[in-house]
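Please keep the sequence and the model in view while reading.

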Amino acid sequence: MQIDAKGLSYKELNRKLKELVSKEDALEIDVLNVNGHRYIGTGLENSKGIIRLHGVPGNDLAAFMNGGSIFVYGNAGDGVGNTMNAGLVVIHGDARDVVGYSMRGGKIFIKGNVGYRAGIHMKAYKNRFPSIVVGGRAEDFLGEYMAGGIIVVLNSNNEKNPVGKFTATGIHGGTIFVRGKISEEHLGIGAQIGTPNEEEINLLNNLISEYFSYFQVNENLDSLEFTKIHPKSHRPFAKLYVLE
Amino acid sequence: MFPPQFSVVIDSDKCEKCKRCTINCSFEALSYDDREDRIVSDDRKCVACLRCASKCPKGAITIKKNEITFSPHPTWTPEIRLDIMKQAETGGMIIAGCGNDLDYPCLFDRIVIDACQVTNPSIDPLREPIEVSTFLGKKPKQLKIGDDFSLETEIAPNIMIDTPIVIGHISYGAISLNAHKALAMAARKAGTLMGSGEGGLHPDLYEFGDHIIVQVASGRFGVHSTYLEVGAAIEIKIGQGAKPGIGGHLPGEKVTEDIAETRMIPVHTDALSPAPHHDIYSIEDLSQLIYALKEETDYMKPVFVKIAAVHNSAAIASGIARAGADAITIDGFRGGTGAAPKIVRNHLGIPIEIAIASVDKRLRDEGIRNEVSLIASGSIRSAADVVKAIALGADAVAIVTPALIAMGCTVCQQCYRGVCAWGICTTRQDLARRLNPEVASRKVYNLISAWTMELKEVLGALGMNAIESLRYNRERLRGVGIDQKTLEILGIKAAGE
């Protein structure tokens, strides 16, 4: 099924998508001429539906999303997966700032780079466990206030700095894996470099295979050595206060 | 070590050693001494919450303030000296509960209300109906009526409340589930709203959803589709009057199983709310979140935005109205909190009286007052404050501390300790059980009813039969002992003018 988004406002497009997805269980929709339409897939419920976006979606793609899959053939804007609960987002391009803000479940795969504050305040909860895989590099404040889940940065272009400054500032749960070596200088308050355990390595390998399955890019990254970043403590700010 | 602040005096003639006080003191100040066969008190731990005194069947307990006599000095007050000593000892920031306790002038107490005499008859609310129902949400600038007299203007979602008094936001986690439930029950019975606070909503409260404003704060705790759809309105929390510009922090020890589930975070991790929403750095960004929430709820729910009252609230409110919000809650600097750094609580922000007057004026001057409802909060202490806030330009007020006092809070200001003896500000099950939600909700309902009656009484005295006549009616207010500039900002005359 195809929808031409040309000339449609975001409100019209999203209403149409919501209606279609709620009617049929395993619907596949191709949306053509996506051009800055915001909020696509907001609150999407259908767990089997697939939406393919051709073009560049606007901000807050897949906000509050509860299921289903969105594939983007182009770049994405700010706020992908804002407070996302479950589902899959695959972006064949770059994504900008605050990817996965407060995301608590589901997976986001980005072929290229991400902007500032990706994975901020991500949190795991019961059987929900959010994952973000970035093929390229991430800007400053990656995983700020992170409280759960996993972020993987593959740096497939082998750039000198795979992550920006202040990575994982205020982290108090979850883990970040960055391919290659990064120094303590890149870390923010509350973060430390550690050694992954077997369970984490399995999880990491599964996510990497899943990444390659979507993007069919060169699988031969020259090394699969990762730096693990995790919290120093689950209570990073416990000792700042004295009671009146 | 200095002498304790309070002394617990137990009248040994009256005391029957039933030990009820020792069980009730959650601050562990009272215990029973076997050898001496008497109740002993560790005064240093007493916070004057009065739980023991109220539970003593013989009335044998008195709490006295211990006058600590430092050598007097007007600059170096005992409080300042003690704070310095504490910080020298620990190296920490001082955390305080409740609201601003510095002696700033309270403008509400310097504003008086008019009344009818001779030439403009007053109305007796006991015999004549007085309308106080209030609609929260966007109002159209004009109405278009079709040839067949049908309404052609699309009206944005509005919520009707039976009284302009709503219960403000306080989170489950800051207070017990019983307390949260009591507030929800009271809101439903009074035909008004309560705020969920930023800790999500326990499923037990979903049935009260039509009377709950669900909050979305920077930590996005417990925010998911069902939560957004269950509420009557959604509020984006930008700031809080007691702690403008800073985030929140529910310590891990308070994050019990139930609270973790409601907040959707692991048990015993700190629940940190970042200072800003990191997807909101501008009015345009705020607009983006407002419309994300509207998209999520099919444009069926009004979206409120709450800000702390700060110097440039008026300009910010103008931006919020233009960003698509349906209502703005403005929280003054005397507003309450479970915990905030004392420096922030006591020194940041401006009084609600000033903020509401300047915001209302700015929106009117710009011709966009109809775009948003205004809710004033932060130290509304009585129905008199309600009348004054509405006449200064608010559509409704939000109260929290008065509702807590109605439930049994004695304002001991130890909210951040998590051991509230009254079972309100705690997540400890044994303490939370002390609060009976039925009884507590009845008291909160009684309070709102009483204030609503008082409001009608004053409206009658003003010769008004509808709350609409009071809104922005600053002509019916006068200032006593307020300087000229402040009078100008408040938009009121001096008494006698």
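In which loop of chain B is Glu28(B) found? Glu28(B) belongs to the loop between helix H1 (20–24) and strand S2 (30–33) of chain B; helices (H or I, at least four residues) and strands (E, at least two) are DSSP runs, numbered from the N terminus. This is a predicted model, in which local features need pLDDT of at least 70 and side-chain atom pairs count only at pLDDT 80 or more, while totals for chains, interfaces and linings use all residues. Residues are numbered from 1 along each chain as its sequence is written, and chains are lettered from A and ligands numbered from 1 in the order in which they are written.

Although Glu28(B) is not a glycine, its phi is positive, at about 60 degrees. Glu28(B) is exposed, because 11 other C-beta atoms lie within 10 Å. The terms of exposure rest on C-beta atoms placed from the backbone: a residue is buried if 20 or more other C-beta atoms lie within 10 Å of its own, exposed if 12 or fewer, and partly exposed in between. Val411(B), a residue other than glycine, also has a positive phi, near 55 degrees. The loop that holds Val411(B) runs between helix H12 (401–407) and helix H13 (429–432) of chain B. Val411(B) has 15 C-beta neighbours inside 10 Å and therefore counts as partly exposed.

In chain A, Glu200(A) is part of helix H2 (residues 198–215). Because Glu200(A) has 17 C-beta neighbours inside 10 Å, it counts as partly exposed. Between Glu200(A) and Ile150(A) there are 9.4 Å in space, C-alpha to C-alpha, and the two are 50 residues apart in sequence.

The discussion now turns to helix packing in chain B. Two packed helices are described by the angle between their axes and the distance between the axes. Here axes are lines fitted to C-alpha atoms, for helices over the stretch in contact, and angles run from 0 to 180 degrees between N-to-C directions. Helix H4 (residues 177–190) of chain B packs against helix H14 (residues 437–461) of chain B at an angle of about 45 degrees, and their axes are 8 Å apart. H4(B) is therefore oblique to H14(B); angles under 35 degrees count as roughly parallel, over 145 as roughly antiparallel, 65 to 115 as roughly perpendicular and the rest as oblique. The crossing of H4(B) and H14(B) is right-handed, a crossing being left-handed if the near helix is turned anticlockwise from the far one by less than a right angle, and right-handed if clockwise. Among the residues that make this contact are Ala182(B) and Met185(B) of H4(B), together with Val444(B) and Ile448(B) of H14(B); two residues are in contact if their C-beta atoms, placed from the backbone, lie within 7 Å. The residues of the contact of H4(B) with H14(B) comprise 11 nonpolar, three polar and two charged. In these classes, Ala, Val, Leu, Ile, Met, Phe, Trp, Tyr, Cys and Pro count as nonpolar, Asp, Glu, Lys and Arg as charged, and the others, Gly among them, as polar.

H14(B) also packs with helix H11 (residues 383–391) of chain B: their axes come within 9 Å and cross at roughly 55 degrees. The crossing of H11(B) and H14(B) is right-handed. From H11(B), Ala383(B), Val386(B) and Val387(B) meet Trp451(B), Glu454(B), Leu455(B) and Val458(B) in H14(B). This contact of H11(B) with H14(B) has six nonpolar, no polar and one charged residue.

At the level of domains, whose bounds come from an automatic or database domain assignment, chain B has domain 1 (6–69) and domain 2 (134–494). The centres of these two domains of chain B, taken over C-alpha atoms, are separated by 38 Å. Nine residues of domain 1 of chain B are in contact with seven residues of domain 2 of chain B. Chain A is divided into domain 1 (1–85) and domain 2 (94–244), and the C-alpha centres of these domains of chain A lie 25 Å apart.

Finally, the two chains meet in a contact that takes 38 residues from chain A and 32 residues from chain B. Strand S8 (147–153) and strand S12 (241–243) of chain A each supply at least two residues of the side of chain A that touches chain B. The largest share of that side, three residues, comes from S12(A).
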